[in-house]
Amino acid sequence: MKFFRWQGLVAFLILGGLAFGFFRFFLDGMIESAIEGEGSKAAQTEIGLAGLSTSLLAQSLAIGGLDVANPDNPGENIVEAEAIRVNLDAVKGLRRKVVIDDMTVEGLRFNQKRPAPAKSFKRPDKKAQTAEPGSPGEAATAAPASGLSVIDRVDIPSPADILKKEPLETLEAAARAQTELERLKTKWEEKLKTELDPAVLEDTRRKIEDLKKKAGKLSDLTQLPAITQEVQSLKAEIEGHIDKVPHLKEELRRDVQEATRLAAELKDLPLKDYQRLKKKYSLDLAGGSNLVGALIGSEVKGYLDRAVRYYRLASPYLNRGGSPREEEVRYERGKGVFVKFPEAEPFPDFLLRHAKLSMNLLDTPIEGELNDLSDNQKVYGKPAALRFFSGKTDRFDNFSLKTRLDRTQAIAKDSLELAAAGVRLKDVRAGEGVTLEEGRVDLKSSIDIVNENEIKGMAAADFGALTLSLPRKEGNEIWNAMAGAIASVDRFSVRVGIAGTLGDYKLDIESDLDEILRKALGQAVSDQLKKFESALRQAIDEKAKGALAGVGGPLAGLQDFGKVLSANESSWKDLLAKAQEGVLPSKKKLPGGLGDLKLPF
């Protein structure tokens, strides 16, 4: 009786040997190639591994070195790691889940120079191609502009150059006032022509003369009632014209009052234009209006835009996979399809339970840990938490960084808190030409992001024990004044506020260094500034003079219409007196000895 068959044993040994050879000699290389190839495509940047080894029995993986290139700068690695060790949950792997029970990352470094430029794995991005200037996508790829280059270009602009590009409110208001006055003038010219037609006045005067002649030829009393009726009718007509004049005078008074107000407002506008333009060009002239904001604002925004971009790249990976929702499956003839059935106990497709991290910052190792990083926090029920911490070292007194990524609720809430005390600084470039030779800084910052879009935060930096230097430039008084002011500074503070959305946030930068720099530059340009202010005021007054004079003519013409109304009123009153007294004959001249007859007028 045979307990086993030699043929089966030989086949088992051959298959086992082939499997062992595959896992021993090929599996590591395939995983390494997949990470470098497919991983680079997914991350849209080159990923390199120094070496990779797996252990199926220990369910572990070890990477000898990792570098991830900066997609915006091929000559730089955004992150490097000296060694990575991973312990996997093989049971979950059978369910097509990637679950890392424990991971160790050593020697993390950021923004390190590469020995050779990285390959490009970027896919064409239509949104990025059509992004408006100043959007985070564009700002992240652009090198931050240096603020001190602004100071190097500080110059006193000529008033003529300013007035070529700056509209004057005086001219715009004068044009509007002149248009309104011309409208009023035209209105009254038409109104007087219609309401006070001289032809009507002459026609009435002629009627009075005709009645006089008719009354002079009166032969008997039978003609008297008819003449009397004509006189009464003419009198009513004249009184009607007289009654219109006061109404016209009142309307004219209101229009003249409005025109006078418009003209009065124009008198103060040249001074307002001068003050506005002087204030607008205060940075160029006095050199200190929020100068620290000009120095660091674009650089801070560049770093924030880059952080926003990476945050947006990472966010989708925290909200995918493992969802109990049903998805529509589309079948394609001739090809297989992976069908995911509902799970009795839903579980994320990816989970990192715990990672021990070691980061190198300012040539100082800092320990950290990452917990509960998953691709579906609603299913897993825990937010991801990252923390770095360190006590006193040669480079700082203490350091703490805390990050929390919470997708467990309907609205995502992410936060970051940074605190570092007594950070030693040495030979740090602080801008174009400025060197922070030595000093200390205390940092504190907090940022909250709600719904993966709304951002709000603050950052504070208190510098002390500083030694700053800025090389002087021959013949540039303003630059040299700045160099002297910077060299005299031994401490200052900066406060930065952040508010808005990830696509459109605002920075509010304040510093007590502004006052120091403003005084230094103000003294350097004080004489030139006085000459500039005088020339600017003269240039504005000269340019506005013609426009202001153009308003006076229509206003004077409008006021003259009052005289026309008064003269017209006087003429009608004279005609009324003639109609009342000079048309009908006196009692003595009545025919037939009727002089004692009482007339009805």
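Where is R395 found?

1. R395 sits in the loop between β8 (384-390) and β9 (398-406). The model is predicted: local features need pLDDT of at least 70, side-chain atom pairs count only at pLDDT 80 or more, and totals for chains, interfaces and linings use all residues. Residues are numbered from 1 along each chain as its sequence is written, and side-chain values use heavy atoms, with hydrogens and water left out. Helices (H or I, at least four residues) and strands (E, at least two) are DSSP runs, numbered from the N terminus.

2. Leaving aside neighbours within four places in sequence, R395 is in contact (heavy atoms within 4.5 Å) with L362, D363, T364, G422, V423 and R424. A polar atom of the R395 side chain lies 3.2 Å from the backbone oxygen of L362. T364 is 31 residues from R395 in sequence, yet their C-alpha atoms are 7.2 Å apart in space.

3. Now take A420, in strand β10 (residues 413-429). A420 is buried, with a relative accessible area of 6%. Setting aside neighbours within four places in sequence, its contacts are N398, F399, V441, D442 and L443. The C-alpha atoms of A420 and S445 are separated by 9.3 Å, and the two residues are 25 apart along the chain.

4. F399 is buried, at a relative accessible area of 9%. Beyond neighbours within four places in sequence, F399 is in contact with residues including M359, L361, F388 and A420. Which residues have the most contacts inside the largest nonpolar core? They are M103, F388, F399, F463 and F492, in a core of 55 residues. A nonpolar core is a set of buried Ala, Val, Leu, Ile, Met, Phe, Trp, Tyr and Cys residues joined through side-chain atoms within 4.5 Å.

5. Next, the rings. The structure holds 3 aromatic pairs. Rings of Phe, Tyr and Trp (its six-membered ring) pair if their centres lie within 6.5 Å; planes under 30 degrees apart count as stacked, over 60 as edge-to-face and the rest as tilted. F347 and Y380 form an edge-to-face pair, 6.4 Å centre to centre with 80° between the planes. F347 lies in the loop between α12 (291-314) and β6 (350-361) and Y380 in helix α13 (residues 377-380), so the pair ties together parts that are 33 residues apart in sequence. F396 and F399 have ring centres 6.0 Å apart and planes at 40°, so this pair is tilted. F396 counts as buried, at 1% relative accessibility.

6. Charges also sit over rings (NZ of Lys or CZ of Arg within 6 Å of the ring centre and within 35 degrees of the ring normal). K92 lies over the face of F347, 4.9 Å from the ring centre. R537 lies over the face of Y274, at 5.8 Å from the ring centre.

7. Last, N77 in strand β3 (residues 73-81). N77 is buried, with a relative accessible area of 3%. Strands pair if DSSP finds at least two bridges between them. Strand β2 (residues 60-70) runs antiparallel to β3, with 5 bridges, and A69 stands opposite N77. A hairpin joins β2 to β3 through 2 residues. On to β5 (residues 98-113): 4 bridges join β3 to this strand, also antiparallel.

Key: Buried means under 20% relative accessible area, exposed over 50%, partly exposed in between (1.4 Å probe, protein chains only). A polar contact is a pair of N or O atoms within 3.5 Å; within protein, one must be able to donate a hydrogen and the other to accept it, and residues adjacent in sequence count only if both atoms are side-chain atoms.
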